[in-house]
Amino acid sequence: MNCSVRGRELPPTSKGYTAMLTLLSDEKYAQAIAQTPQGVLIGFKKLCPHCKNMEKVLEKCADRLPGAVFMGLDTEENPDACGRLGIERVPTLLIIKQGAITAKMAGLMNPKEFCAFYQQSMRTA
C-alpha cells in the first residue's frame, strides 16, 4: 500500500501503517501531545479494517490541513494510554490544539466529514 502525501511517496511501514503517522506508546504519548501545536491522533488496532480505511481518509485530507501532525496509537499495545485518553472503540480520532485534546470522535468518517470535524475543532477550541 504505497500512497502519496504532500507530493512525496510514503512507503508502508512493517506494521501496515504509513510513514505519515508517528506511532506513540504508553511512555511517550503525553509528551507528544503536549508538544503538538495542532494535529490528529488516531487510536487503532492493526487488524481493524475501519482503522485502515480511516488512515486512508487522513492521507487524503493531509494536504487540506497544513501544519497538522498525524500520530497513531495502537490500542492493543498501549492500553494505559488508551485508558487515560478515554479511547474505548477504534478508530477513535483525537484533535489536538496547543498541546491539549480539544475534540474526540469514534468511528469511520469520509474525507469531507473528517475535514469538517477537524476544522470545527480548531475554530471552537
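Two strands count as paired if DSSP finds at least two bridges between them. Helices (H or I, at least four residues) and strands (E, at least two) are DSSP runs, numbered from the N terminus. This is a predicted model, in which local features need pLDDT of at least 70 and side-chain atom pairs count only at pLDDT 80 or more, while totals for chains, interfaces and linings use all residues. Residues are numbered from 1 along each chain as its sequence is written, and side-chain values use heavy atoms, with hydrogens and water left out.

Select strand 6, residues 92–97. Five of its six residues are buried, where buried means under 20% relative accessible area, exposed over 50%, and partly exposed in between (1.4 Å probe, protein chains only).

Lys97 has Ala100 in strand 7 as its bridge partner.

Now pick Gln98, in the loop between these two strands. The hairpin has two residues between its strands. Phi of Gln98 is near 50°, a positive value in a residue other than glycine. Gln98 is exposed, with a relative accessible area of 63%.

Next, show strand 4, residues 38–44, which runs antiparallel to strand 6 and is joined to it by six bridges. Gly39 stands opposite Ile96 of strand 6.

Go to Pro91, in the loop between helix 3 (79–85) and strand 6. The peptide bond from Val90 to Pro91 is cis, with omega near -10°. Most peptide bonds are trans.

Finish at helix 2, residues 49–61. Its buried residues include Cys51, Met54, Leu58 and Cys61.

Key:
The expected span of a helix is 1.5 Å times one less than its number of residues.
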